[in-house]
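Please examine the sequence and the structure shown here before reading on.

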Amino acid sequence: MIHSTAAEMADALAKGETTSVALTQAHLDRITAVDGQVKAFLHVDAEGALAQAKDVDARRAKGEKISAIAGVPLALKDVLAQKGVPTTAGSKILQGWRPPYDSTVVSKLKSAGVVIMGKTNMDEFAMGSSTENSGYGPTFNPWDLTRTPGGSSGGSSAAVSSFEAPLAIGSDTGGSIRQPAALTGIVGVRPTYGAVSRFGLIAYSSSLDQAGPFGRTVLDTALLHEVIAGHDVRDATSINAPVPAVVNAAKSGDVKGMKIGVIKQLQGEGYQKGVQTRFDESLQILAGLGAEIVEVDCPSFEYALAVYYLIAPSECSSNLARFDAMRYGLRTGDVDGASAEAVMSATRDAGFGREVKRRIILGTYALSSGYYDAYYGSAQKIRTLIIQDYAKAFAQADVLVSPTAPTTAYKIGEKVDDPMAMYLGDVATIPVNLAGICGMSLPAGLADEDNLPVGFQIMAPAMQDQRLYQAGAALEAALLSKWGAPILSKAPALGGAK
Amino acid sequence: MSSLSRDDVAKLAGLARIEMTESELVELSSQFGMILDAVARVQEMDLSGVKATSHPQPLENIARPDVVLPSLSPEDALSGAPAQEESRFRVPQILGEAE
């Protein structure tokens, strides 16, 4: 049952062939069996999940129409507030915090009857690309337990790829949904900025952050996308427009006559050979399906990484000021006579990890008087040029494509002491965030040299998210018929059973 | 090659209200040169006449009708407080020296 797609599970629930309680229990059993190895979850809420499942089963029995994926279980990235359930954003500074409210994403999941099984591991405050920056230890890639599942949403990608959950929520500030999806052989979508409410999403970089769905198929991902998207008065940057018809697009999956632009700057040098090979092969498949392939030039993308590593740390240095040891979270050094400032500084030292401190200090530097124009100011101007590059490219093509990440999953510990090497892994995903548009990663096969998954990235203009699903579904169907079985069937068995 | 001395990092850490250990200050200062060199590339381009983008959406002020919506009770708002007293957040001394 756990190896079915979410769409199949929803279908079986609708036909009365199974119950949400049984489905949820099967996944909780899977978590018990394999999460000791994978470590995808920071907190499993078995009791809450089963109560939710029971409630959905009762509503269905009464004939209530709930949602297309009512009763299907899900894993939630620990960056989203869920009332009464521990929420840490992977940080020691929030250890033990139980939010007194639900994020909008959680409210929408609950009202759609999606069962939330627990909170998944992540790089602290979503700062990282490997989940190694979690304050609670790393998550391990189900394809090879010595490797990272990507990040920052690595707990969510590992949960879905190890069949602990059919669906998961992540957040993507510089690639944190698409890159872990690529490294674990699943589908991940970063919706258009403003398409999914940020209310209750613990902020890292507010102009770049966006929550989005993970699934094992394009259709499953679309079904979840449709549940969480939509306007929210509690998020002033939420777009007040209808949700793009992503489920219909995922069902149609036609690229005949579609213009697909290959970004010159996001391939070739710096990309692992097996990654480039699978990417080129997918392009040929799309051409064979009737798409027109064109090359587009985005010269400012060369600076995207530098722009991101100024804008995101600058915004984070401001956002993380709220962790002041006064209203929630950790407080240390509160002894008689200690000033508020001393308590604040001691708490932030004890509660924040190395990468978070590094980015706060970098942001503080980039925003300080005398350096502001040279760093943050210049970065904001190049951000404009990147947006203009996209506009020109989308005038020539309906969607743009690239490899999602320059390499397959790397070893845990390999890059943790070399921040610049780690940052380079985001080179192909960051431009989407800077421009506020949408992007998908879907599996393009395994790299010949290491038999690890490769991600194919599709990008579309703001609020044209349906194009991702349309092109993605076409490529997915063609690859599936070429392989004969879903890519995850090639992953090694977990739990000792080889 | 850019660089940031241990004292520069200590000053920034003070501004950011993070009390860092000596080894953290030394480590950060040694990593900063490389990171600053990488991000300083934004200064290579001629950006005269280019407008800055602070946000991907052309936003204007967003207002909603002035109606009361449900919000947290005092108990809920205080539920995560490290310390509380008389339905308020209790904080360390914020003004002047300790008596």
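This is a predicted model: local features need pLDDT of at least 70, side-chain atom pairs count only at pLDDT 80 or more; totals for chains, interfaces and linings use all residues.

Residues are numbered from 1 along each chain as its sequence is written, and chains are lettered from A and ligands numbered from 1 in the order in which they are written. The model has an ipTM of 0.94 and a pTM of 0.97.

Chain A contains 16 helices and 11 strands; helices (H or I, at least four residues) and strands (E, at least two) are DSSP runs, numbered from the N terminus. Its C-alpha atoms occupy a box of roughly 70 × 55 × 45 Å along the principal axes. Two residues are in contact if their C-beta atoms, placed from the backbone, lie within 7 Å. Among contacts in chain A between residues at least 6 apart in sequence, 76% link residues at least 24 apart.

The interior can be followed through its nonpolar core, a set of buried Ala, Val, Leu, Ile, Met, Phe, Trp, Tyr and Cys residues joined through C-beta atoms within 7 Å. The largest such core has 175 residues, and A:I69, A:L74, A:V307 and A:L310 have the most contacts inside it. Helix α10 (residues 304–319) of chain A supplies the largest share of this core, 10 residues. Leaving aside residues up to four places away in sequence, A:V307 touches A:A379, A:I382, A:R383, A:L434 and B:V42.

The loop between β3 (115–120) and α5 (154–161) of chain A holds A:S152, and the peptide bond from A:G151 to A:S152 is cis, with omega near 10°. A:F125 is also found in the loop between β3 and α5; though not a glycine, A:F125 has a positive phi of about 50°. A:F125 is buried, with 31 other C-beta atoms within 10 Å. A:A126, in the loop between β3 and α5, has a positive phi near 70° and is likewise buried, with 31 C-beta neighbours inside 10 Å.

The contact between the chains takes 57 residues from chain A and 44 residues from chain B. On the chain B side, α1 (6–15), α2 (22–39) and α3 (74–77) each supply at least two residues, and α2(B) gives the most, with 6 residues. That side has 29 nonpolar, 9 polar and 6 charged residues, where Ala, Val, Leu, Ile, Met, Phe, Trp, Tyr, Cys and Pro count as nonpolar, Asp, Glu, Lys and Arg as charged, and the others, Gly among them, as polar.

Within α1(B), the residues B:V9, B:L12 and B:A13 are buried. They lie on the same side of α1(B) because they cover an arc of only 100° around the axis, the arc being that of the directions from the helix axis to the C-beta atoms. The cover over the buried residues of α1(B) includes α12 (354–366) of chain A together with α2 of chain B. Just after α1(B), B:R17 adopts a positive phi of about 55°.

Note on methods:
A residue is buried if 20 or more other C-beta atoms lie within 10 Å of its own, exposed if 12 or fewer, and partly exposed in between; C-beta atoms are placed from the backbone.
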